[in-house]
Amino acid sequence: MKVKCPKCGRMLDVAGLQPGSVLTCECGNAVAVPKPGTSKRALFVWVGAGLALLSCTCFGILGAIAIPNFMRFQSRAKQSECVINLKTLHMAQATRPDSDYDPVLSKSQFLPERGNRYAYFAGSGPMEDRSGPQATGTEEAHAIGVDTFTHKDQTPVTFNQLPPDVARIAGISGECPDNCSIAIVCAGNIDRDSTLDVWSISTAERQASDGTTIAPGEPFQHVNDLED
C-alpha cells in the first residue's frame, strides 16, 4: 500500500504500518497512514472538519477576551456623562455672584439632557422625576433622577443609596455668602450589578481619604463601578 506525499508528490510505501502512524517523507513532510478504505475525499473532509473545529475554538477564546473588554469600554464612555455634567454644574455654581450657592438646580440653569444614566444631587431635597415622558418636580429640585423612561434597563438612584461619607458632603457647607462651598454628587449603575458608580465635585479644595488634595472644580471618583 502506498500513499502520495501531498507536498512533493512522492509515493510512500506504508505497507505494514498501523493506521494513524506518521511517516516522514524525504522532503521532510509528515504523512499519516490512512485507515484501509479511506478515500482522499474522506480524508480531506476529516482534515477540513478538524480545521473548522480549531477555528471555532480560537474564535471562542478571542471572543471571551474581546467582549468583556468592549463592554468595559462602553461603560467607561458612559462615565463621561457624569464627569461632563459635574463640570457644567460646578461652573454654573462657581460663577454665581458673591458665592451665593443654591442647591435648587433650576436656579443655576442646570438641566441635563434627557437620557441621563446618572442621578445628580446638590443636597438631600426634592428630586426631579424622569420616569415619564415629561419631567416633573423640576422647579424646586435639589436633585435630578435617572431617566428610567428612556433607559428601561436602568433603576432609580436615591439620595439614601449614596455612601454615607459622600451623602455628608453633598450640598452647601459653611456660611454663605462669604465662607461657604457647595459639592455636587452624581451616581449611577452602569454595568447592572449592585454597585453604584459615584463621583463628586466641589467649589472648595478638599482631601481624599488617602490624603490626596482635590482641587476645586476637579471631579473625584469615590466608587468605581467598573472595578472587579
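Trainee: Which residue forms a salt bridge with Glu-128?

Mentor: Arg-130 does, and the closest N and O atoms are 2.5 Å apart. A salt bridge here is a side-chain nitrogen of Lys or Arg within 4 Å of a carboxyl oxygen of Asp or Glu. This is a predicted model, where local features need pLDDT of at least 70, side-chain atom pairs count only at pLDDT 80 or more, and totals for chains, interfaces and linings use all residues. Residues are numbered from 1 along each chain as its sequence is written, and side-chain values use heavy atoms, with hydrogens and water left out.

Trainee: Why do such side chains pair up?

Mentor: Side chains of opposite charge can pair when their charged atoms come close.

Trainee: Is Arg-130 buried or exposed?

Mentor: Buried, at a relative accessible area of 2%. Glu-128 is buried too, at 2%. The cut-offs for relative accessible area are under 20% for buried, over 50% for exposed, and partly exposed in between (1.4 Å probe, protein chains only).

Trainee: How many salt bridges does the structure hold?

Mentor: Three. One of them joins the side chains of Arg-114 and Asp-147, at 2.8 Å from N to O. Arg-114 sits in the loop between helix H1 (40-94) and strand E5 (119-121), and Asp-147 in the loop between strand E7 (143-144) and helix H2 (164-169), so the pair ties together parts 33 residues apart in sequence. Helices (H or I, at least four residues) and strands (E, at least two) are DSSP runs, numbered from the N terminus.

Trainee: And what does Lys-107 meet in a salt bridge?

Mentor: Asp-102, at 3.3 Å from N to O. Lys-107 is partly exposed at 47% relative accessibility, while Asp-102 is buried at 15%.
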